[in-house]
Amino acid sequence: MYKKLFKVIALVMMASLVLAACAPATSTATQAPAATKAPAATKAPAATEAPTSAEPVTIMIWHMEQPAYRVARIQELIDEFNAANPGIVVSQEPQSWGDIYTKAPAAVAAGNGPDLLFAIPDFTPIMRATDAVQPVEDFVNEMDVAHKYMPAAIAPYNYDGHIWAIPLWSMSHNLWYSKSAFEKAGVTPPVTWDEWLAAAKKLTADGQYGIGLPGNKNLYTDQTTYDFMVNNGAEEIYNSDGTLRFDNAQTVEALDFYSKLFKYSPPDSTGWAWGEAEACLASKTCAMVLQFTVISTFDSQSGSDANDLGVIAIPHNSSQSQSNTIAYSNAVMVLTADKAKQEAAYKFLRFIMEPKNYGRFLTMEPGLYLPVTEDGSVADSYWNDAMVVKYKSQIETMVENSKNGMLFGFTNGNTFQSISQISAQNLIAQTLQKILVDKEPAAQAVAEGQKLMEESITK
Amino acid sequence: MNESELEQSYFGSKLRRNESILGILLILPLVLWMIFAIVIPLISAIKLSFQDVGMIGSKGNLIGFENYRHVLTDPNFWKSFGRSLIWVISNAVIQTVVAFISAVILMQKFHLRSLARVWIILSWIVPTVVVIIIWRWMLGTSGGIVNYLLVSLGVLSTPVGFFSTANSAFISIVLINSWRWFPLMTVILLAGMEGIPQELYEAASIDGATGWQQFLRITFPMLRPVLYVLGLIGTLWSINVFDIIWLATGGGPSNATMTLPVYIYNMAFKGYRLSRASAASIIMGIILLVFVIVYDRINKPADAD
């Protein structure tokens with residue numbers, strides 16, 4: 001009896017292990033935690049059913065804007081829309097960029113996916129594989145006529161004969177720094193890599209780190225690594241025929257320089273995400289960081305005057321003529337095939353894109369989200385926001401820097417959809433870790449990185 | 001058989017039949033749960049491992065043993081397996097030693113013993129995500145109390161990144177995991193110790209046995225059945241740990257803490273190779289099954305049956 005009991009326990013535990021590690025489509029879908037916890041709003045009629053007059057059309061939005069103040073701003077807009085549209089109930093469910101690449105396909109497979117899902121260009125091809133993403137060119141054209149889209153915002157979503165997401169905002173990396181730390185160290189804002197390295201070295205003193213750079217295997221490190229690549233002429237990861245060209249001299253030089261600068265970053269930055277970098281600058285532990293924006297954190301946590309926050313374009317190698325940066329056009333995908341829901345979703349998005357609301361939407365994180373429509377870029381609702389007014393000079397610099405934005409897999413008008421496989425596994429960051437953690441020479445790490453990328457995009 | 005015996009036989013058999021039905025009804029929910037939650041998904045996972053399904057919900061074709069061949073020839077699978085072994089052994093050693101010491105201390109009579117016995121379980125009942133947030137904060141270089149103390153005491157000249165190098169990250173998560181799990185082991189050992197007759201110790205004392213001799217000759221042998229269970233379940237639990245590793249390091253830096261569950265998760269949900277991940281998890285299951293059989297043969301206490 002005793003023996004049998006433990007054998008049964010052992011077998012059950014092993015089976016659980018197998019299942020926990022890798023459940024099949026059906027079971028995983030039912031076990032997806034938040035996906036199955038969709039509130040009542042998601043319990044809408046099936047795609048083919050028309051809602052009855054008694055039932056409002058429900059729209060569930062998944063976005064990755066987790067900070068409470070962003071959620072609150074989105075909710076404020078949702079509440080206004082819901083109040084003005086009694087037949088529609090929009091609700092939101094914040095998600096994390098850390099697991100949305102996993103969670104969203106699982107939720108869609110389980111039939112619990114959202115109706116609207118925020119996206120970045122390299123995420124869209126992954127969701128397209130679920131067959132849930134709806135073409136939205138008609139609506140995008142309508143918005144283009146009404147608000148005049150900036151063409152660069154639409155381009156990364158326009159392929160295979162359709163537009164697959166509705167652009168909402170753009171964002172790009174900048175070099176943020178503490179002006180007082182620079183003044184104290186007698187450092188001027190760097191323009192070239194040599195100046196940048198010298199500045200980081202000089203600023204590393206008295207418990208302060210010259211720069212905060214991530215070395216984690218995550219999207220943030222993908223982004224910062226690409227910042228170095230685009231400032232050394234290595235923006236193209238693909239050849240025009242779709243083969244990879246990640247392994248090239250410019251990439252090697254860029255990653256090698258990253259590792260030199262990384263010596264002046266806090267030792268635990270191999271585990272950083274965006275938040276740690278912002279906190280490091282705000283706490284004056286780091287003199288510089290690469291980020292989209294740090295305005296909110298700086299304003300609420302640093303205790304410093306707005307004038308102490310400096311922002312410049314990311315320095316470039318002296319072989320390059322200008323500074324470039326990573327830039328995203330963020331958008332929203334429509335995942336519902338139900339026509340009534342689609343109409344309700346479009347109605348909500350029309351409401352958001354109206355200049356009087358659009359600025360409020362963008363300033364949920366002041367300075368992070370830059371307008372992608374012409375009327376939005378001059379909207380009072382944007383420029384009259386208290387934080388935007390306070391940090392106007394920084395935001396104007398950000399807008400200027402964003403003009404030289406690029407994104408891996410979406411350069412020079414090309415769209416290489418397999419970038420989603422590379423991005424989902426953070427293989428650019430993994431390549432960098434080989435240099436930072438495993439102490440491999442940059443050339444060897446980049447060669448191995450390309451091999452990993454090639455394996456990832458072949459089935 | 002007379003009439004009374006016949007009647008008794010009739011009612012006896014009816015009673016036995018009713019008891020059987022009641023027994024079946026009582027275990028039915030558990031059996032159904034096991035079928036739906038374990039057996040069916042397990043069969044699906046096996047089926048999946050012979051297909052080429054990439055993303056959840058997508059369709060796949062049968063490809064035979066290709067996924068198994070790929071996994072078994074993947075150096076990262078064996079590296080992860082090696083790390084899992086080191087993970088299990090290091091956790092087992094640390095937790096066993098600390099739990100034994102804690103249990104022996106808690107067996108002693110001292111003021112507030114009852115309170116100590118309750119509070120020792122605290123680290124085990126705190127949710128994993130909270131444990132990891134606390135430890136990451138404590139071990140951080142910016143405002144982390146551990147670095148602050150080490151620098152203040154002159155042990156370190158500058159703060160160190162506990163999760164920044166391969167070895168320090170692995171050691172850190174082993175210690176965090178051991179800190180989290182040793183209280184449970186302590187409580188189980190304590191329960192086992194409480195069951196050892198006091199007379200044995202008294203007799204040993206009269207015979208002049210020292211405390212250490214009593215531990216070796218009485219406590220340890222008497223706890224063997226408990227240790228057998230802990231060794232078996234603890235190993236399976238330990239190798240299955242995913243949350244602590246994933247939340248603390250994500251398997252990094254540079255895959256230094258990527259154990260088998262993290263390897264499988266990455267393959268399934270980051271690499272979108274669900275079928276290959278299924279094959280890896282089936283292989284892992286088979287390895288554990290072999291472990292259970294071998295462990296049972298070697299360590300089974302004499303009175304286990």
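**Reading a helix pair in chain B**

Tutor: From the N terminus on, chain B runs α-α-α-α-α-α-α-α-α-α-α-α-α-α. Helices are DSSP runs of H or I with at least four residues, numbered from the N terminus. This is a predicted model: local features need pLDDT of at least 70, side-chain atom pairs count only at pLDDT 80 or more, and totals for chains, interfaces and linings use all residues. Residues are numbered from 1 along each chain as its sequence is written, and chains are lettered from A in the order in which they are written.

Student: How many helices and strands are there in chain B?

Tutor: Chain B has 14 helices and zero strands. Its radius of gyration, taken over C-alpha atoms, is 26 Å.

Student: What describes two packed helices?

Tutor: The angle between their axes and the distance between the axes. Axes are lines fitted to C-alpha atoms, for helices over the stretch in contact, with angles from 0 to 180 degrees between N-to-C directions. Here, α3(B) (residues 75-107) and α11(B) (residues 224-239) come within 9 Å and cross at roughly 130°.

Student: Which residues make the contact?

Tutor: Contact means C-beta atoms, placed from the backbone, within 7 Å. From α3(B) come S84(B), W87(B), V88(B), N91(B) and A92(B); from α11(B) come G234(B), T235(B), S238(B) and I239(B). They divide into four nonpolar, five polar and no charged. Ala, Val, Leu, Ile, Met, Phe, Trp, Tyr, Cys and Pro count as nonpolar, Asp, Glu, Lys and Arg as charged, and the others, Gly among them, as polar.

Conventions: Helices (H or I, at least four residues) and strands (E, at least two) are DSSP runs, numbered from the N terminus. Two residues are in contact if their C-beta atoms, placed from the backbone, lie within 7 Å. The radius of gyration is taken over C-alpha atoms; the globule rule is 2.2 Å times the number of residues to the power 0.38.
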